[in-house]
Every structure is written in C-alpha cells, then in structure tokens.
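Dear colleague,

Please find the structure below, handed over for your records. My notes on what was found in it follow directly after.

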Amino acid sequence: KMQLSVNNVKFEVPDTWKDDSVYVFRHEIQNSHISLIVTRENVAQGETASDYGENQLTSLSKNLASFELMSNGSALGVTDLYDVGFVWTDPALGIIRQQQRYVISGGQALTFTMTTKKDAFPYFQKIIAEIFNKISRG
C-alpha cells in the first residue's frame, strides 16, 4: 500500500493506484499574488524535458490569447530540467506572466507553473528563482 499524508492526515491507497496529485500554492503581498501549481502528465519513454517543453510551447502558443515567449531553454545547463517564460492575456485579469519548469521523472513530466500579473513579475522574480533553483531530481 502507498502511504500518504496531507495536513497531518494519513491514509493509504493500493500500490496499483497512480498518484496524479496536483499541488496548488499561493502567496499574497500588498495586493499582488503569485501562485505555484504543480501538475503531472505521463510521457513517452525517452522523452526529455526539452522535448516536452517544446511540445508544451507549441500548444500554449496556439491556445493562449496574445501569447509571447519571453525565455526558454535548459535550466542552468541541466538536461533534465527545462524552463519557459511567457506572457498572455486573460480577458478578466489582464496580462499574465508565467514561468514554467519541466522535470521528467518516473515516466511523468512534472510541470511547475508560477503565475502572476505581468506588472508584478519583477517583484516576484527573486522568489521564483529561489523556488526553481531548489527543484531537482532525486
């Protein structure tokens, strides 16, 4: 059995079940907020973080209004981490700035997405870098 703990509540599920947890974190300072969402998706055997990231960029550019790529590439020259940064327009919220890091592990792509409004991004940029610099495999 797989043992899990959430908010000091422990439970078990059968080993044959797959953990598809989604994690959502949020932080607010002076009427600005940032969120971190961690999702996972199965990937083909041998697919790299770079492959996955490029496929995601293609999809994002087609599906997000006013999509503009700000940055992309391997994180700090590490081949199993891939970063992208982009802006897009949400009709209700305005211009959104997102930074994503993709990590391939255990047959899944983990996507770490930091989201804030574009004008708040400079304020949160250091926090984003600190969190992303602590993401690693193993």
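In this predicted model, arginine 40 and aspartate 19 form a salt bridge, with 3.8 Å between the closest N and O atoms. A salt bridge here is a side-chain nitrogen of Lys or Arg within 4 Å of a carboxyl oxygen of Asp or Glu. The pair links distant parts of the chain, 21 residues apart: arginine 40 belongs to strand β4, whereas aspartate 19 sits in the loop between β2 (9-13) and β3. By this rule, the count of salt bridges comes to three. Side chains of opposite charge can pair when their charged atoms come close.

Arginine 40 also has a bridge partner in β8, namely leucine 110. Eight bridges hold β4 and β8 in an antiparallel pairing, where two strands count as paired if DSSP finds at least two bridges between them.

These strands belong to an open sheet of six, in the order β3-β4-β8-β7-β6-β5, with antiparallel pairing. At its edges are β3 (23-29) and β5 (68-74), each of which pairs on one side only. From one strand to the next, the twist averages 15 degrees; axes are lines fitted to C-alpha atoms, for helices over the stretch in contact, and angles run from 0 to 180 degrees between N-to-C directions.

Two further pairings deserve mention. β3 and β4 are antiparallel over seven bridges, and isoleucine 29 stands opposite serine 32 in β4. Their hairpin has two residues between the strands, and glutamine 30 there adopts a positive phi near 45 degrees. Strand β6 (residues 81-90) runs antiparallel to β7 and is joined to β7 by ten bridges; aspartate 90 faces glycine 94 in β7.

As for the overall fold, the protein has two helices and eight strands, arranged along the sequence as β-β-β-β-α-β-β-β-β-α. Helices (H or I, at least four residues) and strands (E, at least two) are DSSP runs, numbered from the N terminus. Helix α1 (residues 49-63) lies across β4 (32-42), β5, β6, β7 and β8 (108-117), at about 150 degrees to β7; contact means heavy atoms within 4.5 Å. The C-alpha trace spans about 45 × 35 × 30 Å along its principal axes.

The largest pocket contains about 160 Å³ of space. A pocket is an open set of points on a 1 Å grid over the protein atoms alone where a 1.4 Å probe fits, with protein on both sides within 12 Å along at least five of seven lines; lining residues have an atom within 4 Å of a point. The lining consists of Asp83, Arg97, Gln99, Arg101, Phe121, Gln125, Ile128, Ala129, Phe132 and Asn133. Of the elements, β7 (94-105) and α2 (121-133) each supply at least two lining residues, and α2 gives the largest share, six residues. By type, the lining divides into four nonpolar, three polar and three charged residues.

Residues are numbered from 1 along each chain as its sequence is written, and side-chain values use heavy atoms, with hydrogens and water left out. Local features need pLDDT of at least 70 and side-chain atom pairs count only at pLDDT 80 or more, while totals for chains, interfaces and linings use all residues.

Yours sincerely

Technical notes: Points joined across faces, edges and corners; volume = space filled by probe spheres on them. Nonpolar A, V, L, I, M, F, W, Y, C, P; charged D, E, K, R; others polar.
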